[in-house]
Amino acid sequence: MNIKTLLAAAAAVAAMTAGASAAADSAYPDRPIRLLVGYAPGGPVDTTARVFAKYLGDKLGQAVVVENRAGASGMIASDATAKAPPDGYLLGFAASPTLTMSPLVQRSTLFDPRKDFSLIGLVVDYANVLLIGPQAPAKNVGELVDYARAHPDAVSFGSAGIGASNHLSAELLKKQAGVPMLHVPYRGNSPAMMDVVSGKITFMFDITSTAIPFIKSGKARALAVTSRTRNPELPDVPTMIEAGMKDYEVVGWYALVGPRKLPDAVQARLTRALSEVSKDPAFRRAMTDGGYTINTGDAAALQQRIDREYALWADVIQSANIQAN
């Protein structure tokens with residue numbers, strides 16, 4: 001067989017392989033998709049993921065099944081997503097702390113959150129709320145800071161654990177205000193909230209969707225929201241910037257990601273489906289009713305946020321010398 005024949009045969013095989021790959025990609029998805037969530041059932045991430053999975057499945061024409069792999073502040077699910085076969089049948093519902101906070105605190109991470117995922121796009125944004133117990137003397141953020149300055153070590157704040165979003169939100173407040181505050185880590189937000197309500201600790205930051213019931217019932221008072229603009233569900237609560245904390249903005253997000261090197265056709269199909277979900281009136285209503293803001297940011301916008309927030313939290317974590325136990 002001469003060289004021309006060999007080259008022709010190789011070209012034919014390559015064409016057949018490319019054709020088969022394209023056909024496979026164009027048929028995507030042809031079976032159910034697993035959506036990994038790095039937190040336990042019943043929490044805000046899991047609840048939102050399940051609503052999103054239903055709408056995403058409708059747009060893709062296949063069931064999207066949520067699978068919880070809780071542990072290590074969401075890192076177990078993120079690691080499994082990063083190491084999955086890049087065929088689009090295992091995706092991750094990523095919460096911003098797992099890609100911009102936890103990897104900096106848990107320094108034995110085996111993946112790079114900035115490089116080891118195919119970023120599909122943002123789903124929703126959420127803000128935290130600074131909550132204080134009804135018996136606490138501070139009526140606003142300025143009074144809380146002044147009290148902490150006048151009474152060193154008397155002000156304590158709770159969190160869902162070392163490196164959690166609400167932990168670092170409070171560390172950023174400490175850093176900007178330049179006052180001492182004692183961190184009390186809990187195993188989740190709920191026990192921390194109970195101690196805020198009872199007065200055992202002074203304050204905590206909590207996600208808007210779970211904070212609203214405590215605020216409306218009078219069990220806790222909201223001093224400020226961490227977004228740049230006020231939350232429509234809490235129109236009378238100022239932002240941290242309005243409360244005097246210059247440039248303080250912490251906005252978390254949920255995003256759809258997959259393992260690195262997803263085929264272009266699969267990535268495009270998921271991107272289109274995500275865009276369709278974000279425009280669905282019923283989905284938008286479900287999210288806004290829960291205190292979320294719809295975000296239609298694409299892969300490039302998601303990459304920019306990861307890079308920017310990774311740098312922000314690296315500075316906060318280094319300044320406070322925060323490390324996982």
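**View 1. The largest cavity of the predicted model.** About 90 Å³ of space lies in the largest cavity of this predicted model, where a cavity is a set of points, on a 1 Å grid over the protein atoms alone, at which a 1.4 Å probe fits but cannot get out, and the volume is the space filled by probe spheres set on points joined across faces, edges and corners. Among the 16 residues that line the largest cavity (those with an atom within 4 Å of a point), Ala77, Ser78, Phe93, Ala94 and Thr98 are the closest to its centre. Two or more lining residues come from each of helix H3 (75-82), strand S3 (90-95) and helix H4 (96-100), and S3 gives the most, with 4 residues; helices (H or I, at least four residues) and strands (E, at least two) are DSSP runs numbered from the N terminus. A search of the whole structure finds 1 cavity of 30 Å³ or more.

Residues are numbered from 1 along each chain as its sequence is written, and side-chain values use heavy atoms, with hydrogens and water left out. Because this is a predicted model, local features need pLDDT of at least 70 and side-chain atom pairs count only at pLDDT 80 or more, whereas totals for chains, interfaces and linings use all residues.

**View 2. Ser78 in helix H3.** Ser78 has its place in helix H3 and is buried, with a relative accessible area of 8%, where buried means under 20% relative accessible area (1.4 Å probe, protein chains only). Not counting residues up to four places away in sequence, Ser78 touches Thr98, Phe111 and Phe117, contact meaning heavy atoms within 4.5 Å.

**View 3. The largest nonpolar core.** This core has 34 residues, and Leu35, Phe52, Phe93 and Tyr254 have the most contacts inside it; a nonpolar core is a set of buried Ala, Val, Leu, Ile, Met, Phe, Trp, Tyr and Cys residues joined through side-chain atoms within 4.5 Å. The elements that give two or more residues to this core include strand S1 (33-37), helix H2 (44-60), S3 and strand S9 (251-259), and the largest share, 7 residues, comes from H2. Apart from this core lies another, of 33 residues, among them Ala138, Ala148, Ala177 and Phe203.

**View 4. The surroundings of Tyr254.** Leaving aside neighbours within four places in sequence, Tyr254 is in contact with residues including Pro44, Val45, Thr48, Phe93, Ala94, Leu122, Tyr126, Ile207 and Tyr292.

Methods: On a 1 Å grid over the protein atoms alone, a cavity is a set of points where a 1.4 Å probe fits but cannot get out, and a pocket is an open set with protein on both sides within 12 Å along at least five of seven lines; lining residues have an atom within 4 Å of a point. Buried means under 20% relative accessible area, exposed over 50%, partly exposed in between (1.4 Å probe, protein chains only).
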